[in-house]
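Welcome! Take a look at it first, and then read on.

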Amino acid sequence: MGISNIIFLFVFLLAIIFFTRNLNRIIKNIKLGRDINRSDRPYDRWKNMFRVAIGQSKMTRRPVAGILHIILYLGFVIINIEVIEIIVDGVSGSHRFLSSILPVVLYNFLIGSFEILAILVLVACVIFLVRRNIIRIKRFWSKEMTTWPRTDANLILVFEILLMSAFLIMNAADGLLFAAGNPHYVTSFSNPISQYFQFMFIGFDVATLVTIERFTWWFHILGILMFMNYVLISKHLHIFFAFPSTYFANLNPLGQFSNLDSVTNEVKLMMDPNADPYAVPAADSLPPDQFGAKDANDLNWVQLLNAYSCTECGRCTDSCPANHTGKLLSPRKVLMDTRDRITEISDNKRKGKEDTKSLLGDYITAEELWACTSCNACTDACPIELDPLSIIMDMRRYLVMEQSAAPTELNMMFTNVENNGAPWQFPAADRLNWKDE
Amino acid sequence: MSELKIKTMAQFMSEGKEADILFWVGSAGSFDDRAKKITRAFVRIMNKADINFGVLGTEESSSGDSAKRSGNEFLFQMQAMMNIEVMNGYNVKRIVTTCPHSYNTLKNEYKGLGGNYKVQHHTEFIAELLAKGKLKITGNLKGTRVTYHDPCYLGRANNVYDDPRKVLKSLGLDLVEMKRNKRKSFCCGAGGAQMFKDPENGSQDININRTEEALSLTPDIIATGCPFCNTMMTDGVKSVNEGAAEVKDIAELIAENI
């Protein structure tokens, strides 16, 4: 084991430790949410995850972005097989470890596929950058897409381009070294793409080629380790969380909203003619839950998982009728705010800092919440079935049931329903009058 | 107007009989002048097909949908439990309704509170009658240009897209689709209790946006299957280009042609 192997091992372990620590923090943040049972129907849940996350079934509803994304997704999953080889080579000092255990045909097939995918990913990333920065597609420039979310998206794309370039240049140099009969570079491999990069290095001496090959090799693996850690502070977390989010997704019809159990108990008690109105609550009874959500930790853990899974693509906001007609509401912003707020709550807790903010008011205003028509365009549009609508509804519940802060017209509607059994002010006795009109 | 045969569930009970189906009229269908016409049209269809149905009449109360969507879960569950008590008292098994909001909440949200019913939207019900040959279309709307606006609580919320279209096509009319149709349908602006309040500040009202889309197809009729959508689109046509198209419920189109 040489010095470079020791350095590799050290950096690699450091990256893994850092990654694990920060991932655990996010998981802990998600667990700050209230409980909700999503362990039912495991078969349907697996099926949903396979179809939507692994199968990308909702991505292609927007064909251009969808197909480009599938290329990135396949590239990411498949090219990462190469990382296994890089890690083994890095630790043991071997060269192209997989070629020593795989049949030649298979190894050639793998490296060949990696190269083709790498160039496709590279092209897809360039197109994505053009869409975001030159064509300036509207949903990438709406109000909540401030400097950081836009930079975040661009950084990821530039990162990918650099990683793929490093991979192809590495193979190009390696191929030339093999052709030159260098004793360390003894593996022949299929190079359908990188052979066209070799022209850049023609006439280079062996030492330079080795430097180029080593540099790009290190750049590639360090880049991957950095990227892995960057993902945790970025919108790009969906590459991991899209899977649990689709597994734990709402499988009921979109129109079916949850019935609050705490309310059911109270209403049953109210309607029970035998209930004692003067009964004192049992000494050991818990205080009733707060109705609805005021802050991010009043939401359930699936909603918080959703918030961390959002990649800010904006398909929800783009299809939201309220947003489309200039209202403040943006379902994407609801998820982004939820994520930022739960992170803030947990950071403040860890640092022992006083926290006087809340999701409602400081991040999301009542005006945004009241603009929602509950039409489900956002939940339907989301490629990984995130549910911003449930967050909006939970916050409306808080506004109405804890603060009595509904708009005046809605309060009048409630009064009418209570008194006349209809949202308008008509006497209940007239309900069948239509029959004789 | 032709005589409608309508009996309440209470009347059925006093005669010692049971209705096969409960027609849930809904608050809009009972009180809103425009929606009442839809209610009567649907009753005419059921009378024509000789359906043994009853209504709750004064025993019906708001389904609680608008209370629930505005966050008043208390009021919703009070309404739901009262309605369930009444319906279970009449041993209701099947419900048909002309309101997608009632449809959604009765079908999906009542079951968790003790109300288990087979619930159909009137367009599903009419499609079934047509398929079984219980309803004969006599009129013909050939050459009439119609576009159909999918109500959110029927379409996206419950995946009913085909039956309303099947029923419309049975009339021989020319169905033209808006670009945002079915799953991609654009809300009329009334859902989530918006029907009962002014919209928030913005650049445009939602119903205007949708009406402009519908009118760009130069239809004779904008068809829908929801009393709220009907109101929003009717208002929309009035402000965008009054008289450019009629807004009608599918039940009305069928009732006029049987």
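Two strands pair if DSSP finds at least two bridges between them. With that in mind, we can walk through part of this predicted model, starting with the strands of chain B and then turning to its domains.

**Paired strands in chain B**
- Strand S1 (residues 21-24) of chain B and strand S3 (residues 94-97) of chain B run parallel, joined by three bridges.
- In this pairing, Leu22(B) has Ile95(B) of S3(B) opposite.
- S3(B) also pairs with strand S4 (residues 118-121) of chain B, in the parallel sense and over four bridges.
- Here Thr97(B) stands opposite His121(B), a residue of S4(B).
- Between S3(B) and S4(B) the chain passes through H6(B), making a right-handed β-α-β crossover.

**Two domains in chain B**
- Chain B has two domains: domain 1 covers 9-128 and domain 2 covers 136-255.
- Their C-alpha centres are 22 Å apart.
- The contact between them draws on 26 residues from domain 1 of chain B and 28 residues from domain 2 of chain B.

**The side of domain 1 that touches domain 2**
- Five helices of chain B each supply at least two residues to this side: H2 (26-31), H3 (33-48), H4 (65-69), H6 (100-109) and H7 (122-131).
- H3(B) gives the largest share, eight residues.
- Sorted by class, this side of domain 1 of chain B has eleven nonpolar, nine polar and six charged residues.

How values were computed:
Residues are numbered from 1 along each chain as its sequence is written. Chains are lettered from A and ligands numbered from 1 in the order in which they are written. This is a predicted model: local features need pLDDT of at least 70, side-chain atom pairs count only at pLDDT 80 or more; totals for chains, interfaces and linings use all residues. Domain bounds come from an automatic or database domain assignment. Two residues are in contact if their C-beta atoms, placed from the backbone, lie within 7 Å. Ala, Val, Leu, Ile, Met, Phe, Trp, Tyr, Cys and Pro count as nonpolar, Asp, Glu, Lys and Arg as charged, and the others, Gly among them, as polar. A crossover is right-handed if, with the strands pointing away from the viewer, the path from the first strand over the helix to the second runs clockwise.
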